Structures are given as C-alpha cells and as structure tokens.
Amino acid sequence: MRFLNLALALAAVLTLTGCHSAIIAATISNRTSEPLSLIEVDYPSASFGTQALAPGQDFHYRFKVLGSGATTVLWTDTAHHDRKNSGPALQEGDEGTLTITFATNANPTWNLQLLNRAGT
C-alpha cells in the first residue's frame with residue numbers, strides 16, 4: 001500500500017510539473033470589408049494558413065518554431081492579385097503571440113509579443 005501511495009504521489013508531481021513546449025499562438029484578423037482568400041503564413045521550417053477569411057473573422061493557429069528566420073504572409077486580394085508582406089524574424093525556442101491584422105487599404109500589421117527570448 002505504501003508503494004502505491006508513493007507511485008501515485010510521484011505521478012501527480014510529474015503531471016503537475018509536466019513538459020513545457022515553447023509555442024507561438026498566432027492570430028490572423030481580417031478587419032477589411034472584403035473577404036481574403038488563400039492566406040499562408042511562412043515561418044522558419046514550416047507554414048500554415050486558411051482558404052478564406054471573411055470580414056471581421058479571425059483565424060487562430062499554434063506552432064513551434066524550429067530554426068530561425070523571417071516570417072511572411074501571402075494572400076489573394078479581392079481583385080485576385082497575389083500579395084506578399086514580410087514580418088518579424090523568429091528564433092528557435094521563441095514563445096508568445098503573433099497577430100497579423102489586415103486593415104482596409106493598408107499592408108497587414110504585425111504584432112509579435114515574446115516571452116523571454118532565448119539568448120537575449
């Protein structure tokens with residue numbers, strides 16, 4: 001019985017302390033009056049996106065940064081023109097939030113909020 005209690009206590013401690021993985025919680029926001037389509041965000045070692053984003057709609061995605069490099073967003077506007085905009089650089093191990101906001105008649109704005117960037 002004593003062994004079982006010890007095992008349960010150890011399992012509880014391991015569960016509560018758990019592993020922590022550094023992630024970026026990203027949000028793409030469409031604050032225009034027109035829908036956006038084929039939105040792709042490229043970041044070091046991968047990409048994510050959505051087929052369409054209606055006016056006033058947000059798209060949420062979480063990712064882990066492997067490697068270091070720039071971010072970019074690519075999208076198709078209502079005139080069916082392919083557009084591209086560069087964003088901030090990310091480093092492996094970065095953790096925090098990234099918001100990309102599309103506004104009428106402007107390039108998207110990027111807001112990167114990092115927690116304790118490794119090495120800085």
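This is a short tour of the structure above, stop by stop.

**Before you start**

The model is predicted, so local features need pLDDT of at least 70 and side-chain atom pairs count only at pLDDT 80 or more, while totals for chains, interfaces and linings use all residues. Residues are numbered from 1 along each chain as its sequence is written, and side-chain values use heavy atoms, with hydrogens and water left out.

**Stop 1: the whole protein**

Show the protein as a cartoon. There is 1 helix and there are 8 strands. Helices (H or I, at least four residues) and strands (E, at least two) are DSSP runs, numbered from the N terminus. Trace the chain along its sequence, and the pattern reads α-β-β-β-β-β-β-β-β.

The accessible surface comes to about 7,600 Å², and carbon and sulfur atoms hold 57% of it. Such areas come from the Shrake-Rupley method with a 1.4 Å probe; for residues, only the protein chains shown count as cover. Of the 120 residues, 30% count as buried. Buried means under 20% relative accessible area, exposed means over 50%, and partly exposed is in between (1.4 Å probe, protein chains only).

Which share of the contacts joins residues 24 or more positions apart? Among contacts with a separation of 6 or more, the share is 56%. A contact here means heavy atoms within 4.5 Å.

**Stop 2: the largest pocket**

Select Thr 32, Leu 36, Asp 77, Ala 103 and Asn 105. Of the 14 residues that line the largest pocket, these lie nearest its centre. The pocket's volume is about 280 Å³.

How is a pocket found? Rolling a probe the size of a water molecule over the atoms shows where empty space is left. On a 1 Å grid over the protein atoms alone, a pocket is an open set of points where a 1.4 Å probe fits, with protein on both sides within 12 Å along at least five of seven lines; lining residues have an atom within 4 Å of a point. Grid points are joined across faces, edges and corners, and the volume is the space filled by probe spheres set on the points.

Colour the lining by class. It has 6 nonpolar, 5 polar and 3 charged residues. Ala, Val, Leu, Ile, Met, Phe, Trp, Tyr, Cys and Pro count as nonpolar, Asp, Glu, Lys and Arg as charged, and the others, Gly among them, as polar.

**Stop 3: the aromatic rings**

The structure holds 6 aromatic pairs. Rings of Phe, Tyr and Trp (its six-membered ring) pair if their centres lie within 6.5 Å; planes under 30 degrees apart count as stacked, over 60 as edge-to-face and the rest as tilted.

Select Phe 48 and Tyr 61. Their ring centres are 4.3 Å apart and their planes are at 10°, so this pair is stacked. Phe 48 sits in strand E3 (residues 46–53) and Tyr 61 in strand E4 (residues 58–63), 13 residues apart. Phe 48 is buried, at 6% relative accessible area. Tyr 61 is partly exposed, at 32%.

Together with Phe 48 and Tyr 61, they form one aromatic cluster.

**Stop 4: along strand E3**

Go to Thr 50, which is in strand E3. Is Thr 50 buried or exposed? It is buried, with a relative accessible area of 17%. Leaving aside neighbours within four places in sequence, Thr 50 is in contact with Leu 38, Ile 39 and Phe 59. Its C-alpha atom is 6.7 Å from that of Glu 40, 10 residues apart along the chain.

Move on to Ala 52, also in strand E3. Ala 52 is partly exposed, at 45%. With the neighbours within four places again left aside, its contacts are Leu 36, Ser 37 and Gln 57.

**Stop 5**

Leu 38 is in strand E2 (residues 36–43). Leu 38 is not a glycine, yet its phi is positive, about 45°. This residue is partly exposed, at 48%.

Next, select Ser 45, in the loop between E2 and E3. Phi of Ser 45 is near 80°, again positive in a residue other than glycine. Ser 45 counts as exposed, at 57%.

**Stop 6: Ser 29**

End in strand E1 (residues 24–31), at Ser 29. Ser 29 is buried, at 5%. Beyond its neighbours within four places in sequence, its contacts include Leu 53, Asp 58 and Ile 100.
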